[in-house]
Amino acid sequence: MESKTRSYRMTARARSAARTGERLLDAMLERYGTLPYDAIRLEDLASDAGVTVQTLVRRFGGKPGLMIATVQREFGRVAADRAAAMGDGPVATVHALVAFYEDHAALILKMYSEASQVPGLPELAARARAFHVDWCRRAFAAYLRGPDDPA
């Protein structure tokens, strides 16, 4: 019985920690959408997430770590959305891609322009670009002519 109780508590703790992490990621995404990276303060992020600065630092190591984790989470969401859009044919795929960029292009361009301020972010941005090019090649390969075709 004690083992089950301890296991439940640990699971509840793990769920709570996951929710805390998500709140912090959401806070960074929200603030980053309206402020330059260098104007975002740890105190504001922690307050937005309902935690202390110490919790933020313990969890992510500071603002750069939180930014990297936020971009990684969003990159994972993009990859899942793109995978879901691939099988619907070229017209639906283009519509999904255009809708995505209408919603997210400004934030993506901002991230590219400010990447040099965050250690590790230029490499992550390069991975995102490479993912996009590879995804386009795979998504539209059946509809494109070969690379030697001038048309």
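**Entry 1: α2 and α3**

I looked up how α2 and α3 sit, and they are roughly perpendicular to each other (65 to 115 degrees counts as roughly perpendicular, under 35 as roughly parallel, over 145 as roughly antiparallel, and the rest as oblique). The model is predicted: local features need pLDDT of at least 70 and side-chain atom pairs pLDDT 80 or more, while totals for chains, interfaces and linings use all residues. Residues are numbered from 1 along each chain as its sequence is written, and side-chain values use heavy atoms, with hydrogens and water left out.

Two packed helices are described by the angle between their axes and the distance between the axes. For α2 (residues 42-49) and α3 (residues 53-60) I noted an angle of about 95° and axes 8 Å apart. Axes are lines fitted to C-alpha atoms, for helices over the stretch in contact, and angles run from 0 to 180 degrees between N-to-C directions.

I then listed the contact, meaning heavy atoms within 4.5 Å. From α2 come Leu 42, Glu 43, Leu 45 and Ala 46; from α3 come Val 53, Leu 56 and Val 57. By class I wrote down 6 nonpolar, no polar and 1 charged residues. Here Ala, Val, Leu, Ile, Met, Phe, Trp, Tyr, Cys and Pro count as nonpolar, Asp, Glu, Lys and Arg as charged, and the others, Gly among them, as polar.

**Entry 2: the chain as a whole**

I found 6 helices and 0 strands in the chain. Helices (H or I, at least four residues) and strands (E, at least two) are DSSP runs, numbered from the N terminus. Of the 151 residues, 31% are buried (under 20% relative accessible area; exposed is over 50%, partly exposed in between; 1.4 Å probe, protein chains only). I also checked contacts between residues at least 6 apart in sequence: 63% of them join residues at least 24 apart.

**Entry 3: the cores**

In soluble globular proteins, nonpolar side chains tend to be buried together. I searched for nonpolar cores, sets of buried Ala, Val, Leu, Ile, Met, Phe, Trp, Tyr and Cys residues joined through side-chain atoms within 4.5 Å. The largest one has 24 residues, and Met 28, Leu 66, Met 67 and Leu 121 have the most contacts inside it. At least two residues of this core come from each of α1 (2-32), α2, α3, α4 (63-85) and α6 (121-140). A second, separate core has 10 residues, including Val 78 and Phe 140.

Not counting residues up to four places away in sequence, Leu 66 touches Leu 24, Leu 25, Met 28, Leu 45, Leu 56 and Phe 60.

**Entry 4: α5 and α6**

For α5 (residues 90-114) and α6 I noted an angle of about 170° and axes 13 Å apart. That makes the two helices roughly antiparallel. Among the contact residues are Leu 97 and Tyr 101 of α5, and His 132 and Trp 135 of α6. The contact divides into 12 nonpolar, 2 polar and 1 charged residues.

**Entry 5: two single residues**

Is Glu 114 buried or exposed? Glu 114 is buried, with a relative accessible area of 12%. It lies in α5. Leaving aside neighbours within four places in sequence, Glu 114 is in contact with Tyr 32, Pro 36 and Tyr 37.

Pro 122 is in α6. It is partly exposed, at 37% relative accessible area. With neighbours within four places left aside, Pro 122 is in contact with Ala 115 and Ser 116. Pro 122 and Tyr 112 are 10 residues apart in sequence, and their C-alpha atoms are 7.6 Å apart.
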